Amino acid sequence: MEQERRIHIVEVGPRDGLQNLQAFVSTEHKIALIRRLAASGIREIQAGGFVNPRAIPQFRDMEAVIAGLADLEDVTLNVMVPNLKGARDAVACSIRKIVFFFSVSRSHNMNNVRQTPEESLQALEDIMDKVVAGSDVVVRVDLATVFGCPFEGFMTLDAILKCVGAVAAMGIREITLCDTVGVGNPKQVADVIRHCRGAFPAVAFGAHFHDTRGLGLANVLRAYDEGVRAFDSSIGGLGGCPFAPGASGNVATEDVAFLFNEMGEETGIDMEALLEATRYLHSVIPRVPITSALFHAGLPRLYEYREVPNQTERGEITSC
């Protein structure tokens with residue numbers, strides 16, 4: 001029996017990592033990448049988005065990608081949808097978990113999906129009524145710009161809780177708090193998550209961080225300290241929102257998995273297999289920088305993790 005996973009890593013590279021690329025990644029390469037990610041032990045993968053192909057051409061082949069993964073076992077494929085049409089198209093392709101997204105920030109939501117947050121909430125209600133009701137489809141909501149917006153700055157806690165409350169009132173129990181442009185800091189992350197979990201104990205909160213300014217893993221660890229156990233990450237550290245200026249890559253899956261594995265927290269991920277998936281991605285898009293620290297440094301070979309003895313208790317002090 002597989003050991004219980006204490007940390008649930010959701011791989012978003014095939015969606016968030018590829019959506020910004022100018023070059024189209026072939027259907028065959030997308031399928032092969034997702035299969036390699038699944039082989040590493042990742043059990044939830046965001047395969048792409050059912051969006052208008054004129055807005056994000058990278059996902060014009062979503063039906064073919066999903067069809068090419070029909071035999072993938074023991075893996076949840078989720079897809080991003082912005083509206084009722086996207087949800088219907090996803091479910092028609094046998095997807096059983098959809099991720100709906102909207103922003104706390106009015107300006108970012110208008111830039112991203114050409115709707116106010118209130119209009120997005122109405123679209124979500126339509127999805128719940130017309131697609132989800134009476135089915136086995138699960139909905140997760142990604143709440144964007146929780147930790148800051150490129151147009152409006154930091155969001156108030158009241159605005160965040162209002163959005164979370166509107167989503168929770170529809171019966172949705174998975175909400176991911178997203179640092180869309182990588183401006184969050186650990187103190188802010190702790191404050192927001194503490195208030196969200198306190199106000200909505202029935203909701204399972206996840207976290208989605210970008211490493212735009214080098215605080216990605218610090219924010220992951222702070223969210224963990226506040227009780228979050230589900231984290232989005234992107235293979236190779238790729239990613240960024242095409243409608244948010246300055247939003248560079250996500251936290252790298254390799255680095256997040258390594259962090260938790262070294263802490264003794266079970267992720268179920270085989271690090272060697274995961275790095276093999278990164279190498280495959282690099283071969284497919286060789287001109288795109290891979291920002292994962294683990295990809296560049298490699299796995300440590302000369303030690304196994306153990307408690308470090310206190311040398312000073314025996315009067316032994318060694319230099320580096």
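Leu143 is buried, with a relative accessible area of 1%; buried means under 20% relative accessible area, exposed over 50%, and partly exposed in between (1.4 Å probe, protein chains only). Leu143 belongs to strand E5 (residues 138–144); helices (H or I, at least four residues) and strands (E, at least two) are DSSP runs, numbered from the N terminus. The model is predicted: local features need pLDDT of at least 70, side-chain atom pairs count only at pLDDT 80 or more, and totals for chains, interfaces and linings use all residues. Residues are numbered from 1 along each chain as its sequence is written, and side-chain values use heavy atoms, with hydrogens and water left out.

**Surroundings of Leu143**

- Leaving aside neighbours within four places in sequence, Leu143 is in contact with Phe102, Val104, Ile160, Cys163, Val164, Thr176, Leu177 and Cys178; contact means heavy atoms within 4.5 Å.
- Between Leu143 and Gly48 there are 95 residues of separation in sequence and 17 Å in space, C-alpha to C-alpha.

**Barrel**

- The strands form a closed barrel of 8, in the order E1-E2-E3-E4-E5-E6-E7-E8, with parallel pairing; two strands pair if DSSP finds at least two bridges between them.
- Neighbouring strands of this sheet are turned against each other by 25 degrees on average, direction ignored.
- Strands of a sheet pair through backbone hydrogen bonds, either parallel or antiparallel.
- Strand E1 (residues 8–11) pairs with E8 in the parallel sense over 4 bridges, and His8 stands opposite Ala230 in E8.
- Strand E7 (residues 204–208) runs parallel to strand E8 (residues 230–233), and 3 bridges join the two; Ala207 has Phe231 of E8 as its bridge partner.
- Strand E2 (residues 44–49) is joined to E3 by 5 bridges, again in parallel, with Glu44 opposite Thr76 in E3.
- In strand E3 (residues 76–81), 5 of the 6 residues are buried, so the strand is largely enclosed by the rest of the structure.

**Nonpolar core**

- The largest nonpolar core has 91 residues, of which Val79, Ile98 and Leu177 touch the most other members; such a core is a set of buried Ala, Val, Leu, Ile, Met, Phe, Trp, Tyr and Cys residues joined through side-chain atoms within 4.5 Å.
- Helix H6 (residues 117–132) supplies the largest share of this core, 7 residues.
- Beyond its neighbours within four places in sequence, Ile98 is in contact with Val79, Val81, Ala87, Ala90, Ile127, Val137, Val138, Val139 and Arg140.

**Helix packing**

- Two packed helices are described by the angle between their axes and the distance between the axes.
- Helix H2 (residues 27–39) packs on helix H11 (residues 271–284) at an angle of about 165 degrees, with the axes 8 Å apart; axes are lines fitted to C-alpha atoms, for helices over the stretch in contact, and angles run from 0 to 180 degrees between N-to-C directions.
- That angle makes H2 roughly antiparallel to H11 (under 35 degrees counts as roughly parallel, over 145 as roughly antiparallel, 65 to 115 as roughly perpendicular and the rest as oblique).
- The contact involves His29, Ala32, Leu33, Arg36, Leu37 and Ala39 of H2, and Ala273, Leu274, Ala277, Tyr280, Leu281 and Val284 of H11.
- Helix H10 (residues 253–262) and H11 pack at about 170 degrees, with their axes 10 Å apart, which makes H10 roughly antiparallel to H11.
- In this pair, Thr253, Glu254, Ala257, Phe258 and Asn261 of H10 meet Met271, Leu274, Leu275 and Thr278 of H11.

**Loop residues**

- Ser40, in the loop between H2 and E2, is buried at a relative accessible area of 1%.
- Not counting residues up to four places away in sequence, Ser40 touches Gly268, Ile269, Asp270, Ala273 and Leu274.
- Glu226 sits in the loop between helix H9 (216–225) and E8 and counts as buried at 13% relative accessibility.
- Apart from neighbours within four places in sequence, Glu226 is in contact with Ala190, Ile193, Arg194 and Arg197.
- Ser94 lies in the loop between helix H4 (84–92) and strand E4 (97–103) and is exposed, with a relative accessible area of 55%; its phi is near 75 degrees, a positive value in a residue other than glycine.
- Arg114 lies in the loop between helix H5 (106–113) and H6 and is exposed, with a relative accessible area of 58%; its phi is near 60 degrees, a positive value in a residue other than glycine.
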